[in-house]
Amino acid sequence: MMCDGCAASVKRILESQPEVTSATVDYKEARAVVWTTPEVKVAEDWQKQCGEKLASHLGTCGFESRPQG
């Protein structure tokens, strides 16, 4: 991300995913935090699975991404 416009795009992309209820994106920190639906949390390693899926989706949308611990 290079600007607030990029951050707004990333936020919109994340919030368009069915497992995301809301997202906060900070381009200066190059970080996004997402809040998920309760249904996502049933898998044992839900954070890893969801993080990888969302990072992959952002990658296909042109934003390099990787999950963080």
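User: How many residues apart are Glu15 and Lys11 in helix α1?
Analyst: This is a predicted model, so read the geometry that way. The side chains of Glu15 and Lys11 meet in a salt bridge, 2.8 Å from N to O. The two are separated by about one helical turn, because their spacing in helix α1 is four residues.

User: Are Glu15 and Lys11 buried, exposed or partly exposed?
Analyst: Buried would need under 20% relative accessible area, and exposed over 50%. Glu15 has 33%, and Lys11 has 32%. Glu15 falls in between, and Lys11 also counts as partly exposed.

User: Which residue does Lys53 meet in a salt bridge, and how far apart in sequence are the parts that the pair ties together?
Analyst: The side chain of Lys53 pairs with that of Glu19, at 2.8 Å from N to O. Lys53 sits in helix α2 while Glu19 is in the loop between α1 and β1, so the parts they tie together are 34 residues apart in sequence.

User: Of Lys53 and Glu19, which one is buried?
Analyst: The cut-off for buried is under 20% relative accessible area. Lys53 comes out at 42%, so that side of the pair is partly exposed. With a relative accessible area of 11%, the buried one is Glu19.

User: Which residues does Glu19 touch, leaving out those up to four places away in sequence?
Analyst: Glu19 is found in the loop between α1 and β1. Its salt-bridge partner Lys53 is among the residues it touches. The whole list is Trp35, Thr36, Thr37, Val40, Cys50, Lys53 and Leu54.

User: How far apart are the closest N and O atoms of Glu52 and Lys48?
Analyst: Both residues lie in helix α2, four residues apart, or about one turn of the helix. Glu52 is partly exposed, at 40% relative accessibility. The count of salt bridges in the model is three, and in this one the closest N and O atoms are separated by 3.3 Å.

User: Which element gives the largest share of the largest nonpolar core?
Analyst: That core has 13 residues, and those with the most contacts inside it are Val10, Leu14, Val25, Leu54, Leu58 and Phe63. At least two core residues come from each of α1 (4–15), β1 (20–26) and α2 (46–60). In soluble globular proteins, nonpolar side chains tend to be buried together. The largest share here, five residues, is supplied by α1.

User: What does Val25 touch, not counting residues up to four places away in sequence?
Analyst: Val25 is one of the core residues with the most contacts inside the core. Val10 and Leu14, also named there, are among the residues it touches.

User: Where is Val34, and which residues is it in contact with beyond four places in sequence?
Analyst: Val34 is in strand β2, residues 31–36. At 29% relative accessible area, Val34 is partly exposed. Its C-alpha atom is 13 Å from that of Glu52, 18 residues along the chain. Beyond four places in sequence, Val34's contacts are Leu14, Val20, Ser22, Ala23 and Leu54.

User: What radius of gyration does the protein have, next to that of a compact globule?
Analyst: Along its principal axes, the C-alpha trace spans about 35 × 20 × 20 Å. Buried residues make up 28% of the 69 residues. A compact globule with 69 residues would have a radius of gyration near 11 Å, and the protein agrees with that at 12 Å.

User: Where does UniProt place the HMA domain, and how far apart are the end C-alpha atoms of that span?
Analyst: The unreviewed UniProt entry puts "domain: HMA" at residues 1–66. That span is 41% helix and 20% strand. Its end C-alpha atoms lie apart by 13 Å.

User: Which element has the highest confidence?
Analyst: The protein averages a pLDDT of 94, and 99% of the residues score at least 70. Confidence is lowest in α2, with a mean of 95, while the highest, at 97, is in β1.

Technical notes
Residues are numbered from 1 along each chain as its sequence is written. This is a predicted model: local features need pLDDT of at least 70, side-chain atom pairs count only at pLDDT 80 or more; totals for chains, interfaces and linings use all residues. Side-chain values use heavy atoms; hydrogens and water are left out. UniProt positions are given in the numbering used here, feature names are shortened, and annotations may be inferred rather than shown by experiment. A nonpolar core is a set of buried Ala, Val, Leu, Ile, Met, Phe, Trp, Tyr and Cys residues joined through side-chain atoms within 4.5 Å. Buried means under 20% relative accessible area, exposed over 50%, partly exposed in between (1.4 Å probe, protein chains only). Contact means heavy atoms within 4.5 Å. pLDDT is the predictor's confidence in each residue, from 0 to 100. A salt bridge is a side-chain nitrogen of Lys or Arg within 4 Å of a carboxyl oxygen of Asp or Glu. The radius of gyration is taken over C-alpha atoms; the globule rule is 2.2 Å times the number of residues to the power 0.38.
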